[in-house]
Amino acid sequence: MSLDPLLAAPSPIPWHAFAAFAALAIGATQLVLPKGTPRHRIAGYVWAVLMLVIAVSSFWIHQIRLIGPFGPIHFLSILVLVTVPLAVWHAHNQRVAKHRKVMISLYVFALIGAGIFTLLPGRVMHDVVFGVARAGRDPI
């Protein structure tokens, strides 16, 4: 495993990925720590901003194209741009069950689920985790 392919990738891929790493860690922490505390609220706002950064930055990443320069991940990004503010709104209006459901869904599907697809061959994160296959060299 090496971060070299990520660090060598064109912008915004590196900061998109590092925002996702941070959101993954903060989100996991949010799931296990006590809810409703000032620390939970602050970490939640940071997580929400990171998710918005991830979603917005994805519009400049065009490795998989479906409609013009956009791929399936961009549909998820639009959903994130709508859903994150909705989840924050639920929290502000004491709709805790809806807030919890939306935030957990975002974490599982938009962060972990989408993250799994970055491990497909030909993607930068595949090269980070599994190494870069070089022609004429045994990959084992």
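These legends go with close-up views of a predicted model. Local features here need pLDDT of at least 70 and side-chain atom pairs count only at pLDDT 80 or more, while totals for chains, interfaces and linings use all residues. Residues are numbered from 1 along each chain as its sequence is written, and side-chain values use heavy atoms, with hydrogens and water left out.

View 1. Along the sequence the pattern reads α-α-α-α-α-α. Helices (H or I, at least four residues) and strands (E, at least two) are DSSP runs, numbered from the N terminus. Of the 140 residues, 32% count as buried, meaning under 20% relative accessible area with a 1.4 Å probe, protein chains only. The accessible surface comes to about 8900 Å² (Shrake-Rupley method, 1.4 Å probe), and 73% of that surface belongs to carbon and sulfur atoms.

**View 2. Here's helix H4, residues 72-92.** The 21 residues of H4 should span 30 Å at 1.5 Å a residue, and the end C-alpha atoms are 31 Å apart, which agrees. That expected span is 1.5 Å times one less than the number of residues. Buried residues in H4 are His 74, Ser 77, Val 80, Thr 83, Val 84, Ala 87 and His 90. An α-helix has 3.6 residues a turn, so residues three or four places apart point the same way. The buried residues of H4 pack against H3 and H5, where a contact means heavy atoms within 4.5 Å. Just after H4, look for Gln 94, with a positive phi of about 55°.

**View 3. The largest pocket holds about 850 Å³ of space.** A pocket is an open set of points on a 1 Å grid over the protein atoms alone, where a 1.4 Å probe fits, with protein on both sides within 12 Å along at least five of seven lines; lining residues have an atom within 4 Å of a point. The lining has 37 residues, with His 16, Ile 73, Ala 114, Gly 115 and Thr 118 nearest the centre. H5 gives the largest share of the lining, 9 residues. By class, the lining splits into 26 nonpolar, 10 polar and 1 charged.

**View 4. The second largest pocket holds about 660 Å³ of space.** Of its 21 lining residues, Gln 30, His 40, Ala 91, His 99 and Met 103 sit closest to the centre. H2, H3, H4 and H5 each give two or more residues to this lining.

Terms used. Points joined across faces, edges and corners; volume = space filled by probe spheres on them. Nonpolar A, V, L, I, M, F, W, Y, C, P; charged D, E, K, R; others polar. Buried < 20%, exposed > 50% of the residue type's maximum accessible area, 1.4 Å probe, protein only.
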